[in-house]
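The following note sets out points for a colleague who is examining the model. Please read each point beside the coordinates.

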Amino acid sequence: MTDYNDNSKLKHDPESNMQALKTAIADGKVQRIKALLTNLLFDEIQKSYLIKLAEHSGNSEITNLIKGAPAKP
């Protein structure tokens, strides 16, 4: 089992983290999403895209996590 709380296993470049977040949303991995959101700050366009992706996944918990994440203007 992967320990998603271990920050040393998270990549530190934003592009890889964004891709990992999109994959976690598609796979429905709530704990992974929580771990990734602690390391990401995206802009409003990215956040909007991720919200739509989460809504498409049909998981309201994931949608609420993304909606609650901070974003820079």
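1. Axes here are lines fitted to C-alpha atoms, for helices over the stretch in contact, and angles run from 0 to 180 degrees between N-to-C directions. Helices (H or I, at least four residues) are DSSP runs numbered from the N terminus. The model is predicted: local features need pLDDT of at least 70, side-chain atom pairs count only at pLDDT 80 or more, and totals for chains, interfaces and linings use all residues. Residues are numbered from 1 along each chain as its sequence is written, and side-chain values use heavy atoms, with hydrogens and water left out.

2. The axes of α3 and α4 come within 8 Å and cross at roughly 170°. The two helices are therefore roughly antiparallel to each other (an angle over 145 degrees). Lys47, Leu50, Ile51, Ala54 and Glu55 of α3 meet Ile62, Thr63, Ile66 and Lys67 of α4, where contact means heavy atoms within 4.5 Å. These residues comprise 5 nonpolar, 1 polar and 3 charged.

3. In helix α4 (residues 60-68), Ile62, Thr63 and Ile66 are the buried residues (under 20% relative accessible area, 1.4 Å probe, protein chains only; exposed is over 50%). They fall within an arc of 100° seen down the axis of α4, so they line one face of the helix; the arc is that of the directions from the helix axis to the C-beta atoms. Ser60, Asn64 and Gly68 are exposed on the other side of α4. The buried residues of α4 pack against α1 (14-27), α2 (30-37) and α3 (44-57).

4. Lys52 belongs to helix α3 and, at 55% relative accessibility, counts as exposed. Its C-alpha atom is separated by 8.3 Å from that of Thr63, 11 residues apart along the chain.

Methods: Angles under 35 degrees count as roughly parallel, over 145 as roughly antiparallel, 65 to 115 as roughly perpendicular and the rest as oblique. Ala, Val, Leu, Ile, Met, Phe, Trp, Tyr, Cys and Pro count as nonpolar, Asp, Glu, Lys and Arg as charged, and the others, Gly among them, as polar.
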